[in-house]
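Me: I would like a close look at a single part of this model. Please describe that part and what lies around it.

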Amino acid sequence: MPPMKVALLGAAGTGKTSLARALALAKPPAESDWLISDESPLQHLLQARTSTNASPDLTAGLKLDTTEWLQALEAQRGFDHTLLLALDVVPANANSADAAQRLRMDTLLRQTLVQAQIPFQVIYGLGEERLAQALSALKRSPAVREAQRKPWVWACDKCSDPACEHRLLSDLLAGRQA
């Protein structure tokens with residue numbers, strides 16, 4: 001099985017590098033190999049935009065159909081997991097300008113991921129709590145569930161008999177009520 005690619009996104013100072021290191025050390029041996037990246041072409045592209053775009057809808061002025069954007073979005077889609085680190089970590093040297101910049105980056109990341117229909121999960125907490133949430137998210141992710149899931153076969157795939165289908169559904173519903 002190829003290694004799972006995990007992207008850690010977040011505003012400056014949210015602990016992407018620290019979480020990447022902690023995930024690398026905490027990976028259970030039974031899990032497949034993980035490639036954890038706290039550097040994303042999408043994040044780099046968006047960081048360049050946060051200082052120049054101050055509109056409430058930060059993605060409104062961005063041309064998401066340029067080659068540069070399309071390449072960054074395609075690279076982001078190449079990750080099996082995208083974890084967005086929440087703004088609950090405040091750097092010790094943060095001031096109001098830094099806080100505003102971090103909020104703009106967080107908003108821009110969220111809007112871009114939603115607009116591009118790239119699935120992501122927000123990770124909250126500090127230290128061990130953040131690590132536990134990230135590990136839990138990776139274990140619950142669609143890529144992991146899909147790899148572990150066995151294909152389900154419908155009993156009436158071959159016959160397409162409505163009476164048979166009705167009987168099976170009725171038995172299923174009766175079993176739930178019991």
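What follows takes up helix α5 and the sheet that α5 lies across.

Reply: This is a predicted model, in which local features need pLDDT of at least 70 and side-chain atom pairs count only at pLDDT 80 or more, while totals for chains, interfaces and linings use all residues. Residues are numbered from 1 along each chain as its sequence is written, and side-chain values use heavy atoms, with hydrogens and water left out.

Helix α5 covers residues 127-140 (helices, H or I of at least four residues, and strands, E of at least two, are DSSP runs numbered from the N terminus). Its 14 residues should span 20 Å at 1.5 Å a residue, and the end C-alpha atoms are 20 Å apart, which agrees (the expected span is 1.5 Å times one less than the number of residues). Arg130, Leu131, Ala134, Leu135, Ala137 and Leu138 of α5 are buried (under 20% relative accessible area with a 1.4 Å probe, protein chains only; exposed is over 50%, partly exposed in between). Seen down the axis of α5, these buried residues fall within an arc of 160°, so they line one face of the helix (the arc is that of the directions from the helix axis to the C-beta atoms).

Arginine 130 has a relative accessible area of 4%. A polar atom of its side chain lies 2.4 Å from the backbone oxygen of threonine 14.

α5 lies across β1, β2, β3 and β4, at about 160° to β4 (contact means heavy atoms within 4.5 Å; axes are lines fitted to C-alpha atoms, for helices over the stretch in contact, and angles run from 0 to 180 degrees between N-to-C directions). These strands form an open sheet with the order β2-β1-β3-β4 and parallel pairing (two strands pair if DSSP finds at least two bridges between them). β2 (34-37) and β4 (121-123) stand at the edges, each with a single partner strand, so one side of each has no neighbour in the sheet. From one strand to the next, the twist averages 25°.

β1 is mostly covered, with 5 of its 6 residues buried. It is joined to β2 by 4 bridges, and methionine 4 stands opposite tryptophan 34 in β2. β1 also pairs with β3 over 4 bridges, where leucine 9 stands opposite leucine 84. Strand β3 (residues 81-85) in turn pairs with β4 over 3 bridges, and leucine 84 stands opposite valine 122 there.

Helix α4 (residues 96-115) lies across β1 (4-9), β3 and β4, and runs at about 155° to β3.

Terms used. Polar contact = N/O pair within 3.5 Å; in protein donor to acceptor, adjacent residues only side chain to side chain.
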